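Hello,

Here is the structure I promised to pass on to you. Please open it beside this email and read along.

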Amino acid sequence: MIQFDTVHKRFPNGTTAVHDLSLEMPEGGVTVLVGSSGCGKTTTLRMINRMVDPTSGTIRVGGKDVLQQDAADLRRSIGYVIQQSGLFPHRTVLDNIATVPLLLGWGRKKARARAAELLETVGLAADAGKRYPHQLSGGQQQRVGVARALAADPPVLLMDEPFGAVDPVVRTQLQDELLRLQKELSKTIVFVTHDIDEAVRLGDQIAIFRTGGHLVQCATPAELLAHPADDFVADFLGAERGLKLLSLKSLADLPQGPAPEGGAWTLVLDEARKPLHWASKSSTGTELPVRPLKDTDSLLAALNESIASPTGLVARVDAAGVLTGVSSRDDIHEYAGRAHTEASVAA
Ligand SMILES: Nc1ncnc2c1ncn2[C@@H]1O[C@H](COP(=O)(O)OP(=O)(O)OP(=O)(O)O)[C@@H](O)[C@H]1O
């Protein structure tokens, strides 16, 4: 666990970046720091590994006061990922990833073996290891940055806008990868972002800051969306708060029934009973695409699909893509209403 106890940071030029911050970041969870530009997110993050020291207050990592530890040792024991990957341009990808293990005296062979293993972990091909950072795409460079931060298997990972410089599609892929990795690794992650959707997607808890380094609210995404503490938080979460809440709810309990037969539209399946498309019974014989959803997909995706689908029906499939049934627009609306009430009551 990381604990901030009445931490204040005032820079020599008089700027207060962090104002009496008390906050706990649970072990094995993702805490996302969000807020407008200049509200103290990066300074908060950098005080954890002593790239910046607080003016007053205490920060403990795993129960130990960071100021009582050697700054260089502390930094090596905490993974750090930044927006522009921060890779060394004249070192190969493999040597970049092996940086901290080498500093820790692992020996070249062991450090490189670990680096090769991590390339695979973050979804890169083995031959990427021999390349130099400029020979990779921005998204691949970020993956290398994550691999480098994980190299010495630190319990804590600090991530400062790590996916801020890549396009939205790659960004979603990197978020998926991080969620997959986190399921396996259960690191204590502190993640800075400007993007509230990214925060809702990745955070076990979200801390919202406002200018002057004030923490306004820290809560789970569902709590935050259902009960923003004030207008500032509500504005920050955006007008689509209700829809964002639906993005947190899976379809596991959404009722489904058999696919309709003999109506205006038929769901066409392949031999393995996987949905292919919607076919119109009319003389034009129109075919429209179907986007089947799994139980792990979100209620927001179901709502979207029910609007896009010509029949208002959403095809449901199992993990192998085989049809299990369909859900109607009415089912989805009713389930969404219930999910909203439950979240509001629970939060
Ligand atoms: N070394 C420094 N000296 C003086 N002021 C600083 C220093 N570093 C940051 N600041 C100021 O402290 C405040 C908080 O900065 P910080 O970088 O923590 O904000 P942030 O929320 O991460 O911003 P952004 O989202 O733009 O990265 C800002 O007003 C910034 O200008």
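Below is what turned up, going from the whole chain to single residues.

A word on the ground rules. Residues are numbered from 1 along each chain as its sequence is written. This is a predicted model, in which local features need pLDDT of at least 70 and side-chain atom pairs count only at pLDDT 80 or more, while totals for chains, interfaces and linings use all residues.

**The whole protein**

The protein has 13 helices and 15 strands; helices (H or I, at least four residues) and strands (E, at least two) are DSSP runs, numbered from the N terminus. Along the principal axes, its C-alpha atoms fill a box of roughly 75 × 50 × 30 Å. Of the 347 residues, 37% are buried. Here a residue is buried if 20 or more other C-beta atoms lie within 10 Å of its own, exposed if 12 or fewer, and partly exposed in between, with C-beta atoms placed from the backbone.

The domain assignment gives domain 1 (2–244) and domain 2 (265–346); such bounds come from an automatic or database assignment. The centres of the two domains, taken over C-alpha atoms, are separated by 36 Å.

Two residues are in contact if their C-beta atoms, placed from the backbone, lie within 7 Å. Among the contacts with a separation of 6 or more, 63% are between residues 24 or more positions apart.

**The core**

The largest nonpolar core has 84 residues, and the members that touch the most others are Ile-48, Ile-97, Ala-147, Ala-151, Leu-158 and Val-190. Helix α6 (residues 138–150) supplies the largest share of this core, five residues. Domain 1 (2–244) and domain 2 (265–346) both contribute residues, so the core lies between them. By nonpolar core I mean a set of buried Ala, Val, Leu, Ile, Met, Phe, Trp, Tyr and Cys residues joined through C-beta atoms within 7 Å. In soluble globular proteins, nonpolar side chains tend to be buried together.

Neighbours within four places in sequence aside, Ile-97 is in contact with Ala-115, Leu-118, Val-144, Ala-147, Arg-148 and Ala-151.

Leu-94 is also worth a look, and is found in helix α3 (residues 93–97). Leu-94 counts as buried because there are 22 C-beta neighbours inside 10 Å. With the neighbours within four places in sequence again set aside, its contacts are Arg-112, Ala-115, Ala-116, Gly-129 and Lys-130. From Leu-94 to Gly-35 there are 59 residues in sequence and 35 Å in space, C-alpha to C-alpha.

Helix α1 (residues 41–48) has six of its eight residues buried, so this helix is largely enclosed by the rest of the structure. The buried ones are Lys-41, Thr-43, Thr-44, Leu-45, Met-47 and Ile-48.

**The strands**

Strands pair if DSSP finds at least two bridges between them. Antiparallel strands β1 (residues 2–10) and β4 (residues 56–61) are joined by five bridges, and Asp-5 has Thr-58 in β4 as its bridge partner.

Elsewhere, strand β7 (residues 156–160) is largely enclosed by the rest of the structure, because four of its five residues are buried. β7 pairs in the parallel sense with strand β6 (residues 78–82) over five bridges, and Leu-157 in β7 is the bridge partner of Gly-79. Five bridges also join β7 to strand β8 (residues 188–192), again running parallel, where Leu-157 stands opposite Ile-189. A right-handed β-α-β unit is made by β7, helix α7 (residues 168–185) and β8; right-handed means that, with the strands pointing away from the viewer, the path from the first strand over the helix to the second runs clockwise.

**Backbone angles to check**

Most residues other than glycine have a negative phi, and most peptide bonds are trans. Asp-20, which is not a glycine, has a positive phi of about 35 degrees. Asp-20 lies in strand β2 and is partly exposed, with 15 other C-beta atoms within 10 Å. Ser-186 has a positive phi near 45 degrees. Ser-186 sits in the loop between α7 and β8 and counts as exposed, with 12 C-beta neighbours inside 10 Å. Just after α1, Arg-50 takes a positive phi of about 65 degrees.

Best wishes
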